[in-house]
Amino acid sequence: MATHKLLLLPGDGIGTEVMAEVKKVMSWLDAQGIASFAIEEDLVGGAAYDSCGLPISEEAMAKAFAADAILLGAVGGPKWANVPYEARPEAGLLRLRKDLQLFANLRPALCYPALADASSLKRELVEGLDLLIVRELTGGVYFGEPKTITDISDGQKRAVDTQVYESYEIERIARVAFELARTRRGKVVSTEKHNVMKTGVLWKQVVSEVHGSEYSDVTLEHQLADSCGMQLVRAPKQFDVIVTDNLFGDILSDVAAMLTGSLGMLPSASLGGVEEISGKRRALYEPVHGAAPDIAGKGLANPIAMVGSLAMALRYSFGQIEAADRVEAAIAGVLAAGYRTGDIYSEGMTRVGTAGMGDAIVAELGKAA
Ligand code: IPM
Ligand code: MN
């Protein structure tokens, strides 16, 4: 059995709580001889800032480069509202994404039948929903320069963010989307604002070219980002794969997450390119939800997105498809059995806390064994 080198970065708020639950799942997989993990742990976000004045230390970055995959909890919180901009908790996560060149962010939105009533949309609109947002993660307005606030005349200030994309960045994310569509229902919707933005014009053109020359077996549709947002809440089941830029992907993936009942449900994978010599692909897995300071430390957080992130690591980094299927089936199993954390609770269900949900998932795994 291969040993996977995993770096755990629990981060802030509920990040540490949900990480404790995914560790139980890892121990179980280890004990069963299904997967073995060599685990390192370090700080990121506000926790790292408190310990070393940086949102991620150089030692933690070195561990990140050495790992086969990274599991991250969440970063941020009001405690760090006034730290210098460069040292804010989010900067730790952004540095990991940028330095490891994790350009492809996969955010699946699955609506489990047992949860269809927890969605803010009607059951018939979301039941059986299975879409995948492929978000570009290392470019666009998140990283474009200049990014400044400057003093201008009369006490006024001017803030500038820069949205910038080069064709290679669009090509490689488009390929990821088309490849994934081939393993799913064969449809890609590409989303931008070509009616207003030059980056949108280039985005649409490059995605069309990649499609025409390499992927004409996949169906491609273009939607303006505002319209895509509208369609996501009108008729989400029309989507298979959505490919979009960093900022639109951030927004649309929160919308898609809510369709499934709760932000606490959705895992994500951030992948780099395949390295030539090692054949390895750098990867970071994290829940889509944030640090949720309002419920942090109370044992109320839903660990499902974190456990689902481990399943994605098994699938995309470790090639352990069967083990990934098993962890995902255990999640579906505990939901079908009626276990609910507060965010997805409805009447008649069994209310559990973070640890209760983690234990239920491990018990469910045991049943299937
Ligand atoms: C996400 C988060 C991050 C982002 C923040 C924490 C920087 O919202 O992963 O979606 O905006 O990308
Ligand atoms: Mn976000």
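Predicted model: local features only at pLDDT ≥ 70, side-chain atom pairs only at ≥ 80, totals over all residues.
Let's start with the record. UniProt, in an unreviewed entry, lists residues 5-361 as "domain: Isopropylmalate dehydrogenase-like". In the model, that span comes out as 40% helix and 21% strand, and its end C-alpha atoms sit 23 Å from each other.

Now the ligand. Which residues are around ligand 1? You'll find Glu90, Arg97, Arg107, Arg135, Tyr142 and Asp250 there. By class, this shell has five charged residues, one nonpolar and no polar ones.

Tyr142 puts a polar side-chain atom 2.6 Å from an oxygen atom of ligand 1. For Arg135, a polar side-chain atom is 2.8 Å from a ligand 1 oxygen. Arg107 also has a side-chain N or O atom 2.8 Å from an oxygen of ligand 1. How much of ligand 1 does the protein cover? On its own the ligand has 320 Å² of accessible area, and the protein covers 77% of that.

One of those shell residues, Arg97, takes us to helix 4, residues 89-99. Arg97 is on the list of buried residues in that helix, together with Pro89, Ala91, Gly92, Leu93, Leu94 and Leu96. After helix 4 comes Gln101, with a positive phi near 55°.

Is Gln320 buried or exposed? Gln320 has a relative accessible area of 18%, and the cut-off for buried is under 20%, so Gln320 counts as buried. Gln320 is in the loop that runs between helix 10 (304-316) and helix 11 (321-336). Leaving out residues up to four places away in sequence, Gln320 touches His4, Ile34, Ala35, Leu314 and Arg315.

Then there's Ile149, over in strand 6, residues 148-151. Its relative accessible area is 63%, and the line for exposed is over 50%, so Ile149 is exposed.

Technical notes
Residues numbered from 1 in each chain as written. Chains lettered and ligands numbered in written order. Heavy atoms only, no water. Helix = DSSP H or I, 4+ residues; strand = E, 2+ residues; numbered from the N terminus. Buried < 20%, exposed > 50% of the residue type's maximum accessible area, 1.4 Å probe, protein only. Contact = heavy atoms within 4.5 Å. Near = heavy atom within 4 Å. Polar contact = N/O pair within 3.5 Å; in protein donor to acceptor, adjacent residues only side chain to side chain. Areas by Shrake-Rupley, 256 points an atom, 1.4 Å probe, with all protein chains shown as cover. Nonpolar A, V, L, I, M, F, W, Y, C, P; charged D, E, K, R; others polar. UniProt positions renumbered as here; feature names shortened; annotations may be inferred.
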